[in-house]
Amino acid sequence: MNRAEIGHIIYKQLFENKEVLKQQFLNSKKDIGYFYIDNLLPKDLALEIFEKFPSTEETVKRKSLKEYKFTAFQMNQYNALLEEVIYGFQDEKVIKLVAEICDLKNIYGDEFLYAGGLSLMKKDNFLNPHLDNSHDKDRSRWRVLNLLYYTTPNWELENGGNLELWPKGLKEEPITILSKFNRLVVMTTHQKSWHSVSKVAKDATRCCVSNYYFSDEPILESDSFHVTTFRGRSSEKVKDVILQVDNNLRSGVRKIFKKGVRENPHQYKK
């Protein structure tokens with residue numbers, strides 16, 4: 001299937017459930033607005049997407065105190081279906097409908113997949129609590145929505161690797177959203193939208209298709225530019241101190257060099 005056909009299926013599913021999704025988003029809007037929808041794509045297509053995912057050996061490993069995961073964004077190196085799926089989420093009518101559900105205007109997709117693309121997580125992989133970078137690669141538009149489509153069949157809560165939202169801050173318990181097969185999660189990104197991925201506990205690979213939407217305006221009036229900002233969990237006191245120092249150093253660099261010392265390599269070079 002091509003991106004237009006996949007985009008049409010996504011649009012149809014979202015449209016048919018629009019009012020329920022709008023209410024779900026409205027109920028969470030004052031903290032971290034989010035909604036999720038199950039059975040987004042036909043099961044056979046969702047399974048095919050999972051089966052076409054690259055192995056971790058074919059991807060970029062990201063391992064540090066902040067995270068341990070594998071990413072893929074140079075999409076012409078992988079099965080063509082994966083690129084079509086990613087850009088199916090960037091179909092103009094899909095973007096407009098998601099914006100309507102989230103009560104946002106002037107929303108754009110990202111053809112360069114800046115920090116988007118594919119994400120794979122194996123046993124012991126994790127993503128610490130963090131705020132996403134506030135802008136696109138050119139620092140001209142605000143990052144406002146994160147779209148996460150999960151493709152691993154039979155993924156259970158006890159497997160770990162689940163999305164965690166921290167609407168009340170990192171000292172409170174997070175909301176855990178299961179990385180369920182064929183589920184799409186859409187969440188807002190701003191300077192209070194702390195989120196993480198719990199450590200994978202099973203010897204299996206959690207696969208995710210990731211997209212971001214951008215806007216000319218931030219979601220919160222109080223938003224200001226920030227780099228991707230990581231913190232430690234409440235049980236990680238030393239790590240938290242180290243990560244805060246790292247955040248401050250990188251923020252200082254960006255005050256001098258608007259786009260950083262070097263170009264972020266995580267983007268699709270067509």
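Tyr 11 and Phe 15 make a stacked one, with 5.8 Å centre to centre and 15 degrees between the planes.

Before going on, the conditions. This is a predicted model, in which local features need pLDDT of at least 70 and side-chain atom pairs count only at pLDDT 80 or more, while totals for chains, interfaces and linings use all residues. Residues are numbered from 1 along each chain as its sequence is written, and side-chain values use heavy atoms, with hydrogens and water left out.

Tyr 11 and Phe 15 both belong to helix H1, residues 3-16, and are four residues apart, about one turn of the helix. Helices (H or I, at least four residues) and strands (E, at least two) are DSSP runs, numbered from the N terminus. Tyr 11 counts as partly exposed because its relative accessibility is 25%, and Phe 15 does so at 44%. The cut-offs are under 20% relative accessible area for buried, over 50% for exposed, and partly exposed in between (1.4 Å probe, protein chains only).

Another pair is Phe 89 with Tyr 149, which is tilted: 5.8 Å centre to centre and 45 degrees between the planes. Phe 89 lies in the loop between helix H4 (80-88) and helix H5 (92-101), and Tyr 149 in strand S7, so the pair ties together parts that are 60 residues apart in sequence. Are Phe 89 and Tyr 149 buried or exposed? Both are buried.

Nine of the nine residues of S7, residues 142-150, are buried, so the strand is largely enclosed by the rest of the structure. S7 pairs in the antiparallel sense with strand S12 (residues 206-215) over eight bridges; pairing here requires that DSSP finds at least two bridges between the strands. Leu 148 has Ser 210 as its bridge partner in S12. S7 also pairs in the antiparallel sense with strand S10 (residues 183-188), over six bridges, and there Tyr 149 has Leu 184 as its partner.

Next, helix H2, residues 18-28. Its residues Lys 18, Leu 21, Phe 25 and Ser 28 are buried. Viewed down the axis of H2, the buried residues fall within an arc of 100 degrees, so they line one face of the helix; the arc is that of the directions from the helix axis to the C-beta atoms. On the other side of H2, Glu 19, Val 20, Leu 26 and Asn 27 are exposed. What covers the buried residues of H2, with contact meaning heavy atoms within 4.5 Å? The cover includes H1, strand S1 (34-37), H5 and S10.

H5 has its own buried residues: Val 94, Ile 95, Leu 97, Val 98, Ala 99 and Ile 101. Just after H5, Asp 103 takes a positive phi of about 55 degrees. Asn 106, in the loop between H5 and strand S4 (107-108), also has a positive phi of about 55 degrees, although it is not a glycine. At 53% relative accessibility, Asn 106 counts as exposed.

Note on methods:
Rings of Phe, Tyr and Trp (its six-membered ring) pair if their centres lie within 6.5 Å; planes under 30 degrees apart count as stacked, over 60 as edge-to-face and the rest as tilted. Contact means heavy atoms within 4.5 Å.
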